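Here is a short report for a reader meeting this structure for the first time. Look over the sequence and the model before reading on.

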Amino acid sequence: MFKKLNFILIVGIIATVLLLTACGEDVNREAEVSEDQAEDAVETVSAEEEAPEVIGSHEDLNQEPVPLEVERDGSDVYVKMTAQITDIEIEEGYNYKAWTFNGEAPGPLVEVNEGDTIHFTLDNLDPAIPHSMDFHAVHTAPDKGFADVAPNEEGRFSYKADNPGVFMYHCGTDPVLSHIANGMHGVIIVHPDDGYPTDDEVDEEYVIIQNEWYRYNDLDDMTNNEPSQVVFSTKALEEGQANTNGVIGALQDEPLEANVGDKVRFYVNNVGPNEVSSFHVIGTLFDDVYLDGNPANHLEGMQTVMLPTSGGAVVEFTVTEEGEYPFVTHQFKHATKGAMGVINVTE
Ligand SMILES: [Cu+2]
């Protein structure tokens with residue numbers, strides 16, 4: 001009996017000594033970690049003091065926007081886009097040397113019809129790095145259909161657009177996060193063959209895109225931190241409509257227009273790259289929603305539509321009274337960082 005108790009006591013003492021030793025090591029390790037962190041912090045501060053991380057050969061580059069080229073021959077659609085480096089004024093006086101498609105961020109709106117074949121050319125005007133195109137609207141082997149195009153070269157790709165919807169497109173070149181967050185994103189609408197069941201009811205149509213900006217070309221910030229700006233833009237569906245970049249105040253300074261009683265349709269997409277959108281129009285609710293813009297995904301009577309990163313929707317709502325109707329992401333920390341627009345409703 002005593003022998004057994006002694007044994008337990010000895011085992012207990014050994015265990016306690018081992019535990020204390022281990023704790024001591026933990027404390028030492030913590031001290032080492034915080035020393036490392038302090039060093040990191042010093043590095044971060046000195047990095048911030050340096051000039052923004054503009055790639056050398058991008059420094060004096062501000063390529064004029066190049067218009068999107070689209071030609072149709074029956075159901076064959078020939079789309080030509082550029083990858084290029086163009087300054088985007090995100091806020092007054094703050095120019096971002098964006099990596100773009102055609103000098104816009106988000107890139108130009110691409111529209112095709114369900115069943116079309118897209119014959120796509122990417123002209124890479126960037127002298128420094130490869131770029132590529134990943135259309136979420138198509139089926140293809142990504143290493144072939146979305147392959148990198150080298151600097152100053154052209155790449156040609158073909159695919160069928162068999163699924164209707166409001167899809168994201170983006171550059172898929174590694175590191176993808178840098179390419180998207182620096183501005184290489186946009187929207188392709190594949191119009192459904194038979195339209196939407198509510199087509200006849202709609203009076204006004206607009207495209208709305210949400211995107212985020214981070215510290216300039218800072219992959220660490222893009223990976224670990226909250227965005228600096230979250231913004232809405234619109235792309236013209238028809239002549240006379242505004243076509244904006246994703247910049248602060250774009251859809252507040254020049255509100256969208258509708259008349260009292262109108263049913264308004266938004267083609268919306270959240271191109272991210274990181275954050276979801278809780279898309280909401282203040283003062284109304286969505287009579288009809290087609291998730292990802294597919295007529296098969298029909299919902300009714302929704303207050304807010306969740307758009308995952310890259311997710312789209314067709315949302316339709318009625319404006320019943322004269323006034324200003326703001327639309328936001330209901331993640332208000334992002335609305336206060338810029339993701340807000342206004343519809344001006346008049347008699
Ligand atoms: Cu790219």
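What percentage of the residues of the protein chain count as buried? The figure is 39% of the 347 residues.

## Overview

This is a predicted model. The protein chain holds six helices and 20 strands.

Contacts across the sequence also matter to the picture.

Strands of a sheet pair through backbone hydrogen bonds, either parallel or antiparallel. Strand β8 covers residues 165-170, and strand β9 covers residues 185-191. β8 and β9 pair in the antiparallel sense, over six bridges. Val 166 has its bridge partner in β9: Ile 189.

## Around Trp 99

Trp 99 is found in strand β3, which spans residues 94-101. Is Trp 99 buried or exposed? Trp 99 counts as buried, because it has 26 C-beta neighbours inside 10 Å, and the cut-off for buried is 20 or more.

Which residues does Trp 99 touch, not counting those up to four places away in sequence? They are Ile 85, His 179, Asn 182, Gly 183 and Met 184. His 131 lies 32 residues from Trp 99 along the chain. The C-alpha atoms of Trp 99 and His 131 are separated by 9.4 Å.

Methods. Residues numbered from 1 in each chain as written. Predicted model: local features only at pLDDT ≥ 70, side-chain atom pairs only at ≥ 80, totals over all residues. Pairing = 2+ DSSP bridges. Helix = DSSP H or I, 4+ residues; strand = E, 2+ residues; numbered from the N terminus. Buried ≥ 20, exposed ≤ 12 C-beta atoms within 10 Å, placed from the backbone. Contact = placed C-beta atoms within 7 Å.
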